[in-house]
Amino acid sequence: MAVIVMRDVCWGFGSAPLLENVNLQIEKGQRICLLGRNGAGKSSLLKLLCNAIPPDSGDIWRQQGITIAALEQEVPSESDGTIFETIALGFGEKGKLLTGHNRISKPIETETSRNHLQKRDPMPQVMNTDGGLTVLKKTIENALSRTGLDPESRFSDLSAGMKRRAIFARALAQEPDLLLLDEPTNHLDIDAIIWMEEYILRYAKTLLFVSHDRAFLKRIATRIIELDRGRLTSYDCDYDTYLKRREAAFEAEEQQNRVFDKKLSREEVWIRQGVKARRTRNEGRVRALQKLRAEARSRRTKTGNVRLELQQAERSGRLVIEAEEVNHSYGQTPVIRGFSTSIMRGDKVGIIGPNGAGKTTLLSILLKEITPDNGTVRHGTQLQAAYFDQLRAQLDERKTAVQNIGEGNDFIIFNGQRRHVISHLQDFLFPPERCRLPVHVLSGGERNRLLLARLFAKPANLLVLDEPTNDLDAETLELLEELLFDYNGTLLLVSHDRAFLNNVVTSTIVFEGRGIVTEYAGGYDDWLLQRPVSADTRPEKKEAGKVRSPPPPPKAKKLGFNESRELSELPRRIDELESEQKALHAAMSDPFFYKKSKEEMAALQKRLAEVEQAIEANYLRWETLESL
């Protein structure tokens, strides 16, 4: 049974509206993921569905008495009320009766059909009585219990992630028939994202959500719709199948466009033949050409991809950062206890943990921006760091995109060449007119791309990225993954995107509670397999708001003099072996290699096998010594 139907809906401005003759039908029980490029109109589509904005043309039919609740992309910052009041005021006048005042601005309202005869009240008609208020209070308390929130906490004191959980609870408390979520995982840590997945699978009736989190959408979505160039395309399949079908559709479209362009070109040559083309018997062909020209003008080309390129920087030393027995606390609360690590050139290190655990603090300590209470941090030689700040504090919101990149200049030096700032910004999908706008009017996705443009405009051999994936579309995420995977420098990455971590990092530093910070090989899934915890402490099994910390690791065995010396020599030895391995690979890939004698070829192949075995043995020895 259809919950809501859109027929031939148009919305937008200019010659190319964001939504053009859109048709959509949402059936009860469906969990639909809406995908599309940044700026394609996804948030506008959600606003149309919940009646926040009217369509320019077309019809939107909603089931009579339907209740729709929406979670917006941006977290409201202005509030002086408690979490309980935040949720209560989502019920409008009824919530005001319960709280006694109107403190919270921008409540998430319940939207209903404009053409229904009566509106279903989520509370009994006796709402103005004490009994009705009691029912409302009980409903809100149930939502708070399910989401693990303290009703007396001040909304303004919460982290961005906890604010998002609070307004999610406000939407859930209305028990909507249709729940609309715009980037619901933004600002949430991994445990909170997994909790949200479990909650949606258990309680959500019908859902339409926008998300860039591929692990989240793979688990939640039963249907995928894509908004591209003003049109909606539905895919009744999983995400991996959608990717294959979309690629096939794009290839078919490109082939069709090539055939069309060839025909148009042939007809344009014919019309330029002059008199013969203007004969009466060819008037039909002339009219057909005019129709082809009109069709070519109306064709909307696919939005290009971000062109990501890093500035070349001088190679850093083999050792990048070394931390020994680092301790740091906030007041009486330990954040980091006895943490040690050696980060080598080329390492790609992910940092994960709950919101507020101290991930950004650890970054600042490793970059020597904060001095730890105890312990030492040492940097290698020739280190050039570039930092991506998740709060985007590096962007001056009063200045334009051009001013934020050029810092008063119209040109930058990129890989030794002089380049105009606007040309650089166009690589990040900024049209010239958007380059001159102040930052505060840009969307979240545009701000993230602007920060990436600023980051990549500077040479660096150490990239420090604190939550770079928020608000980026799937295509840009995949390109960023490829860039970081091929990056020859060193990477420190804070992220709650599980797929992104799995595809990029080679090791993870995990905040495991009570100041315990442990390093593991591999990405997020590798950490799940390695961590020494029982099944009931895994994130998938945690109750809302309750986090159990693993037991402290066993006390490390002190290395002897010979073992310590061996451990210090291993990085140099491995570096030499890897250099020899690279040289052998280069020699064997030379076209003239097979012109050598059989003995020479056999000797090189034998040496390569010996070097590879030695590299593996030295790495195993390194791991053994470090585990002692």
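Let's start inside. The largest nonpolar core has 47 residues, and L425, L450, F456 and L463 touch the most other members. By nonpolar core I mean a set of buried Ala, Val, Leu, Ile, Met, Phe, Trp, Tyr and Cys residues joined through side-chain atoms within 4.5 Å. Buried is under 20% relative accessible area, exposed is over 50%, and partly exposed lies in between, with a 1.4 Å probe and protein chains only. Helix α14, residues 444–456, gives this core its largest share, six residues. As a general point, nonpolar side chains in soluble globular proteins tend to be buried together.

Some ground rules. This is a predicted model, so local features need pLDDT of at least 70, side-chain atom pairs count only at pLDDT 80 or more, and totals for chains, interfaces and linings use all residues. Residues are numbered from 1 along each chain as its sequence is written, and side-chain values use heavy atoms, with hydrogens and water left out.

Now confidence. pLDDT is the predictor's confidence in each residue, from 0 to 100. The protein's mean is 79, and 82% of its residues reach 70 or more. Two stretches need care. Over residues 101–128, pLDDT stays under 50, and the model has 77 contacts there beyond four places in sequence. Over residues 534–556, pLDDT again stays under 50, with 39 such contacts beyond four places in sequence. A contact means heavy atoms within 4.5 Å. Where pLDDT is low, the predicted coordinates should not be read in detail.

The overall numbers. The protein has 19 helices and 20 strands. These are DSSP runs numbered from the N terminus: helices are H or I with at least four residues, strands are E with at least two. Of the 628 residues, 48% count as buried. Take contacts between residues at least 6 apart in sequence: 68% of them join residues at least 24 apart.

Three strands form an open sheet in the order β2-β1-β4, with antiparallel pairing. Two strands pair if DSSP finds at least two bridges between them. Which strands stand at the edges? They are β2 (19–27) and β4 (57–62); each has a single partner strand, so one side of each is left without a neighbour in the sheet. Neighbouring strands here are turned by 5° against each other on average, direction ignored. Axes are lines fitted to C-alpha atoms, for helices over the stretch in contact, and angles run from 0 to 180 degrees between N-to-C directions.

Look at β1, residues 2–11. β1 pairs with β2 over six antiparallel bridges. A2 has E27 of β2 as its bridge partner. On β4, β1 makes five bridges, also antiparallel. There, V5 stands opposite W61. Eight of the 10 residues of β1 are buried, so this strand is largely enclosed by the rest of the structure.

Helix α1, residues 42–49, packs on this sheet and touches β1, β2 and β4. Its direction makes about 125° with that of β1. How many residues of α1 are buried? Six of its eight. They are K42, S44, L45, L46, L48 and L49. After the helix comes N51, with a positive phi near 70°.

Next, the six-stranded sheet. Its order is β14-β17-β18-β12-β19-β20, open, with mixed pairing. The edge strands are β14 (385–388) and β20 (517–521), each pairing on one side only. Neighbouring strands are turned by 15° against each other on average, direction ignored. Inside the sheet, β12 (348–352) and β19 (507–511) run parallel, joined by four bridges. V349 stands opposite S507 in β19.

Last, two backbone details. R229 is not a glycine, yet its phi is positive, about 55°. R229 sits in the loop between β8 (223–228) and β9 (231–235). Buried or exposed, this R229? Buried, with a relative accessible area of 17%. E467, also other than glycine, has a positive phi near 55°. Its loop lies between β17 (462–466) and α15 (474–486). E467 is buried, at 6% relative accessible area.
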